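I opened a new structure today and kept notes as I went. Each entry records what I looked up and what I found.

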Amino acid sequence: MDGTAQTLLTLGAVLLVGLLADEASRRLRLPTVTVLLLLGIAVGPEVLDLLPAATDDWFPIVSTIPMTMVGFILGGEFTADHLKAYGRAYLLLAVVQGIAVAALVALVLLLAGVEVSLALCLAGIAVATAPAATLAVVQERGAEGPFTRALLTVVALDDVIALTLFAVLATVAAAVTASGSVGLMGEAVWEIFGAVGLGLAIGVPAAYLTGRLRVGLPTQEEAYGVVLVCAGLALAADVSFLLAALVMGATIANLAKHHEIPFKEIERIEWPALTVFFVLAGASLEFDTLGGVGVLGAGYIALRSFGKVVGCELGGRWVGLAPEGRRWLGVAMLPQAGVAIGLALLAAEQFPDVAEDVLAVVIASTVVFELTGPVLTRLALTRVGEATALPPSR
């Protein structure tokens, strides 16, 4: 079978598996994201090994496109009215919980005798979350309300905070251990501000062209086009495509008269893209790493989880979030995936002496958080009363 036929058959089969995942999630009472990851593990090399080897080459594209869509949709939440009502509070909440997580992980690991560079890098990485998994669970449960708005906004801000804290902590580690320069700080600054500039550069003209390229409502081509152009330029410029898409979405939401329509068009195609992403993500998980991380890996998982809960409780009190929301927000933010692995790769490059440890811990924890995190996010949405009784049909 030639490569083209194999590719088409695999993609078609993965999408059909997504239909089974929807039904299985209802019967098993698990989030669809978790079921897709488990199916990916089942068909991946760790179990049945049914996927062609070429799928390894697809993953960069398969992950970039849906994550850019997620960033675009989350950016649509940052309208002027929304920011005026909640912006400062949510930003403060996100910063407080991020600092709390990083401080707790760093302090405990250092007191336990973990090497400085490893402890500080893991502390910065611990802040990052998985916006794709979180948004997928919110959409699946049809969740709406103040807690859901807080969750989506803080998750959207969280990776920016993670990049910033990681850059600072890695620079401190480099200075303390005299192991390198402050190159990571420069990379993080460029990744953040370059992404903001790119999002604005695409978002401003896109907002004013929306609905004007053709008489009537904006077309699907416009919506898909700006997302793909944003992803491609972000990769070419080596900046965060997630942040660039978020800024682009926020710009369009605030400047375009018919701003809701591009977001609805992306939502229509988003789930098939996410289905492929989560199945292949599950297939790429390597369970051999779980046995090699030992106490350090278990400690990182426990500290990050506790830090998220405590940080959201502290930040929530500061900004006046309802007690029930404070209690469950940290639980809802436990999924962690791509951004954390990206930061781990940066840390491994800068600190080769601890490269094996940091990659093993982060990859192993990703397996745990990606499988359990969506379940806990759905539990949190249910406990605060903002999830529907049954998932809405797609």
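**Entry 1**

I began with Thr377, which I found in helix α15, residues 355–383. Helices here (H or I, at least four residues) and strands (E, at least two) are DSSP runs, numbered from the N terminus. I noted that the model is predicted: local features need pLDDT of at least 70, side-chain atom pairs count only at pLDDT 80 or more, and totals for chains, interfaces and linings use all residues. Residues are numbered from 1 along each chain as its sequence is written, and side-chain values use heavy atoms, with hydrogens and water left out.

Is Thr377 buried or exposed? Its relative accessible area is 1%, so I logged Thr377 as buried. Buried means under 20% relative accessible area, exposed means over 50%, and partly exposed lies in between (1.4 Å probe, protein chains only).

Next I listed contacts, meaning heavy atoms within 4.5 Å. Setting aside residues up to four places away in sequence, Thr377 touches Thr134, Val137, Leu151, Val331, Ala332 and Pro335. Two of these names, Val331 and Ala332, came back when I looked at α13: they are among its buried residues.

Thr366 also lies in α15. Thr366 has a relative accessible area of 4%, so it is buried. Its contacts, not counting residues up to four places away in sequence, are Gln336, Ala337 and Ile341.

**Entry 1: the whole chain**

I stepped back to the chain. How many helices and strands does it have? I read off 15 helices and 0 strands. Of the 394 residues, 54% are buried. I then took the contacts with a separation of 6 or more: residues 24 or more positions apart account for 84% of them.

**Entry 2: α13**

Helix α13 covers residues 323–332. I found 7 of its 10 residues buried, so this helix is mostly covered. The buried ones are Gly325, Arg326, Trp328, Leu329, Gly330, Val331 and Ala332.

I checked the length of α7 next. It has 32 residues, and at 1.5 Å a residue they should span 46 Å. The expected span is 1.5 Å times one less than the number of residues. The end C-alpha atoms are 44 Å apart, which agrees.

Where is the kink in α7? It is centred on Asp158 and comes to about 30 degrees. The bend at a residue is the angle between axes fitted to the seven residues ending there and the seven starting there. I also saw that α7 is mostly covered, with 23 of its 32 residues buried.

Then I paired helix α5 (residues 116–125) with α7 (residues 146–177): their axes come within 8 Å and cross at roughly 175 degrees. That makes α5 roughly antiparallel to α7. Axes are lines fitted to C-alpha atoms, for helices over the stretch in contact, and angles run from 0 to 180 degrees between N-to-C directions. Roughly antiparallel means over 145 degrees.

On the α5 side I listed Val116, Ser117, Leu120, Cys121, Ala123, Gly124 and Ile125; on the α7 side, Ala162, Phe166, Leu169, Val172, Ala173, Val176 and Thr177. By class, this contact has 11 nonpolar, 3 polar and no charged residues. Ala, Val, Leu, Ile, Met, Phe, Trp, Tyr, Cys and Pro count as nonpolar, Asp, Glu, Lys and Arg as charged, and the others, Gly among them, as polar.

**Entry 3: Ala344**

Ala344 is in helix α14, residues 338–350. Ala344 is buried, at 1% relative accessible area. Leaving out residues up to four places away in sequence, Ala344 touches Ile125, Val358, Leu359 and Val362.

Gly203 sits in helix α8, residues 183–209. Its relative accessible area is 0%, so Gly203 is buried. Gly203 touches Met248, Thr251 and Ile252, not counting residues up to four places away in sequence.

Glu191 is partly exposed, at 22%. Its C-alpha atom is 4.1 Å from that of Val239, 48 residues away along the chain.

**Entry 4: Asp238**

Last, I looked at the loop between α9 (220–237) and α10 (241–255), where Asp238 is found. Asp238 has a positive phi, near 60 degrees, and is not a glycine. At 60% relative accessibility, Asp238 counts as exposed.

Conventions:
Angles under 35 degrees count as roughly parallel, over 145 as roughly antiparallel, 65 to 115 as roughly perpendicular and the rest as oblique.
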